[in-house]
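Me: I would like to go through this structure step by step. Could you show it to me first?

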Amino acid sequence: MLSKKAFVQAMTGLSNVWKELEQAVNEPAISRMWYEVLSDLTDEQFKTGVTTVLKTFHFAPKPADIREAAFASEPRLMAAEAWAIVRADIKAGNFYWGKPNY
């Protein structure tokens, strides 16, 4: 879960770069909304997202941009690999009886 300290530090930094985000820092209702939308990220994921946004964005980001950037560096399965896992689970009977691993 995202700590409030990491959130405040990053949002302050973002608002220094993009003045449009000052309202997201200074208005409690807007700040709370941003925090709620991003609170399921870990501190590391959030920092990765903010760093990526700072390095690559020309315009002020939205919370969805930070979320997307937070997961952009995580490895993803190719479609064939994902289907192989699903088929193996079905064959093993895990599809109906257990929680999938994906």
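**A conversation about the model**

Reply: One place to begin is S31, where a polar atom of the side chain lies 3.5 Å from the backbone oxygen of A24. Please keep in mind that this is a predicted model.

Me: Where is S31 found?

Reply: S31 is found in helix α3.

Me: And is S31 buried or exposed?

Reply: S31 counts as buried, because its relative accessibility is 17% and the cut-off for buried is under 20%.

Me: Which residues is S31 in contact with, leaving aside its neighbours within four places in sequence?

Reply: With those neighbours set aside, S31 is in contact with F7, A24 and V25.

Me: Let us turn to another serine. Where does S15 lie?

Reply: S15 lies in helix α1, which covers residues 4–17. S15 is buried, with a relative accessible area of 6%.

Me: What does the side chain of S15 reach?

Reply: The side chain of S15 reaches the backbone oxygen of T12 at 2.9 Å. Not counting residues up to four places away in sequence, S15 touches L21, E22 and V25.

Me: Now the rings. How many aromatic pairs does the structure hold?

Reply: The structure holds two aromatic pairs. In one of them, the ring centres of F7 and Y35 are 5.3 Å apart and the planes are at 75 degrees, so this pair is edge-to-face. The pair links distant parts of the chain, with F7 in helix α1 and Y35 in helix α3 (residues 28–38), 28 residues apart.

Me: Are F7 and Y35 buried or exposed?

Reply: F7 is buried, with a relative accessible area of 4%. Y35 counts as buried too, at 13% relative accessibility.

Me: What about F7 and F46?

Reply: F7 and F46 form an aromatic pair that is tilted, with 6.0 Å from centre to centre and 35 degrees between the planes. This pair also links distant parts of the chain: F7 is in helix α1 and F46 is in helix α4 (residues 43–56), 39 residues apart. F46 is buried, with a relative accessible area of 0%. Together, F7, Y35 and F46 form one aromatic cluster.

Me: What sits over the ring of Y35?

Reply: The charged end of K4 sits over the ring of Y35, 5.4 Å from its centre.

Me: How many residues does the largest nonpolar core have?

Reply: The largest nonpolar core has 20 residues, and those with the most contacts inside it include F7, L14, W34 and F46. The elements that give two or more residues to this core are α1, α3, α4 and α5 (63–71). Helix α1 gives the most, with five residues.

Me: Why might such residues gather in one place?

Reply: In soluble globular proteins, nonpolar side chains tend to be buried together.

Me: What does L14 touch, not counting residues up to four places away in sequence?

Reply: With those residues not counted, L14 touches L21, V50, L54 and I66.

Me: Finally, the overall picture. How many helices and strands are there in the protein chain?

Reply: There are seven helices and zero strands in the protein chain. The radius of gyration of the protein chain is 18 Å, well over the 13 Å that the globule rule gives for 102 residues, so the chain is more spread out than a compact globule. Along its principal axes, the C-alpha trace spans about 55 × 25 × 15 Å.

Me: What share of the residues count as buried?

Reply: Of the 102 residues of the protein chain, 28% count as buried.

Conventions: Residues numbered from 1 in each chain as written. Predicted model: local features only at pLDDT ≥ 70, side-chain atom pairs only at ≥ 80, totals over all residues. Heavy atoms only, no water. Helix = DSSP H or I, 4+ residues; strand = E, 2+ residues; numbered from the N terminus. Buried < 20%, exposed > 50% of the residue type's maximum accessible area, 1.4 Å probe, protein only. Polar contact = N/O pair within 3.5 Å; in protein donor to acceptor, adjacent residues only side chain to side chain. Contact = heavy atoms within 4.5 Å. Phe/Tyr/Trp six-rings, centres within 6.5 Å; stacked < 30°, edge-to-face > 60°. Lys NZ or Arg CZ within 6 Å of the ring centre and 35° of its normal. Core = buried A, V, L, I, M, F, W, Y, C linked by side-chain atoms within 4.5 Å. Rg over C-alpha atoms; globule rule 2.2 N^0.38 Å.
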